[in-house]
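Welcome, and thanks for taking a look at this one with me. Here are a few notes to read alongside the structure.

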Amino acid sequence: MRIWMIGAGYVGLTSGTCLANMGHQVCCYDISAARIAQLERFDIPIYEPGLETAMREAVDAGKLRFSSLLKGGGIMDADAVFIAVGTPSGRDGSIDLSQVMTAAQQIAPHLKRGALVIIKSTVVVGTARRVRELIARERGAFDIRVASNPEFLREGSALKDFLSPDRIVIGADDARARNALRAIYRPFEKTGVPVVTTTTGNAELIKYAANAFLALKIGFVNDVANLCEMAGGDIGDVMHGIGLDGRIGRSFLMPGPGFGGSCFPKDTRAFAATGRQFGAPQKLIETLIDRNEQRKVLLARRILKEAKLVSGSRIAVLGLAFKANTDDVRESAALTLVPILQQAGMQVAVHDPRAASNARRYVSDVKWASNPYDACNGAAAAVILTEWDDYRRLDMARLARSLSGKTLFDYRNLFDPRSVTRYGLRYVSLGRPAAIVHQRAGVSSLDSWDRRVAAPGHA
Ligand code: UDX
């Protein structure tokens, strides 16, 4: 099938590349000629493992090309056009659909009769219908069908998520649209991937409800981690114990410094705004949004309190990306924590294996360290915010030597506490006994931890 992808960002590029490698003839369009020129040189503006190789493969096979021209690029030959542009948050949390609407308006005059427009961007319920009406107004006829096909791609594993999806959601309001969209994903159906065939409105709701539910899981784990700290429990054991219940599931139960990224914060806000708009308040999600923001602030204050820092102390912040395997810093914990530490008079040194250059837009007056040990050099405390493998492999003896103070805050629970404390470090992690020992007694002894049996895999 001849497919166009409008928007060569993270979702458009990943989806376009994968569709090309499935055998479709794909053109990725972007309004920015500079970005298209960049892509033609395989200079990819995002860090996504495997993407460059997959792109080269598709281009070499003659299946993928790029264009900054609609008519000049041949969009009138397209059978299907995906819209994969940004939907940023507006002031009240509702999403700004202007890029989607502008894209629809711009492509409308060039589409061939009967072409299928598919909304890939995350949009609120009712958008596909609005797009269909807008295109009909522009063309003077309802001869273009509009479908909804939300993405469930995680940054850092987007190719895998596209190629081995848990499900594919096909949202269409008529049989022709449904069949055309199903045809694009036919190879998946043969492999047994569940295909949810539904209306455009349901597809739009599925995307938000899925992300809101996953975000709720994280918020819940983080609250239970707080309880474990106060009650002397171990979040690793508790989550292991509940995750084995098939109705709960084992994934997405890791405590952390609060969720971030380009999706969860924005999607939960949009879901809550949609609930308000339709008179069906999503109170759980409203509370979750607040709790998640507060968590980042409280964890910053906890560093100041527990490390007993004085003004001018240096703190090393390890991890600026909102999670590992991405260079994306949008709504990452670091963007909240670093300014709070600075306002408290701390000098902050930062390190991230991938995300430092993106973080420079948001973070200033810090020391940019080229490795974690350099960041920790002379620091009174260090805090791990991103679960990079580089940090899992830290040489703890070297880290302990670099730090002048002796507290390591691990807000990703990367280590078995004993593997840190044996180097003379105080170790403060989330929802585990080590934290409670420090909090209550202010000592570095881990006796209470040592008396417990640490189950494998909790590090
Ligand atoms: C998410 C969804 O997973 C994906 O389906 C959607 O389409 C886009 O949004 P992404 O934002 O790339 O993907 O990241 P994800 O891996 O889902 O993590 C989101 C946030 O939750 C991160 O800040 C991560 O650190 C945090 N998280 C995740 C936890 O704190 N604990 C967990 O157990 C899982």
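1. How far does a backbone N or O atom of Phe-152 lie from an oxygen atom of the ligand, and what is the value in Å? The distance is 3.5 Å. Please keep in mind that this is a predicted model.

2. Lys-207 brings a polar side-chain atom to 3.3 Å from an oxygen atom of the ligand. Leu-253 uses a polar backbone atom instead, 3.3 Å from an oxygen atom of the ligand. On its own the ligand has 670 Å² of accessible area, and the protein covers 93% of that.

3. Next, the neighbours. There are 18 residues around the ligand, and Glu-155, Met-254, Cys-263, Lys-323 and Arg-412 come nearest. By class, this shell has ten nonpolar, six charged and two polar residues. Helix H9 (residues 200–231) gives the most to the shell, with three residues.

4. Two cavities of 30 Å³ or more are counted. The largest holds about 40 Å³, and its lining includes Ile-119, Ser-148, Pro-150, Glu-204 and Lys-207.

5. Phe-259, Pro-265, Thr-268, Arg-269, Ile-289, Asn-292 and Glu-293 line it. Helix H11 (264–277) and helix H12 (283–306) are the elements that give two or more residues to this lining. By class, the lining has three nonpolar, two polar and two charged residues.

Methods:
Residues are numbered from 1 along each chain as its sequence is written. This is a predicted model: local features need pLDDT of at least 70, side-chain atom pairs count only at pLDDT 80 or more; totals for chains, interfaces and linings use all residues. Side-chain values use heavy atoms; hydrogens and water are left out. On a 1 Å grid over the protein atoms alone, a cavity is a set of points where a 1.4 Å probe fits but cannot get out, and a pocket is an open set with protein on both sides within 12 Å along at least five of seven lines; lining residues have an atom within 4 Å of a point. Grid points are joined across faces, edges and corners, and a volume is the space filled by probe spheres set on the points. Helices (H or I, at least four residues) and strands (E, at least two) are DSSP runs, numbered from the N terminus. Ala, Val, Leu, Ile, Met, Phe, Trp, Tyr, Cys and Pro count as nonpolar, Asp, Glu, Lys and Arg as charged, and the others, Gly among them, as polar. A residue is near a molecule or strand if one of its heavy atoms lies within 4 Å of it. A polar contact is a pair of N or O atoms within 3.5 Å; within protein, one must be able to donate a hydrogen and the other to accept it, and residues adjacent in sequence count only if both atoms are side-chain atoms. Accessible areas come from the Shrake-Rupley method with a 1.4 Å probe; for residues, only the protein chains shown count as cover.
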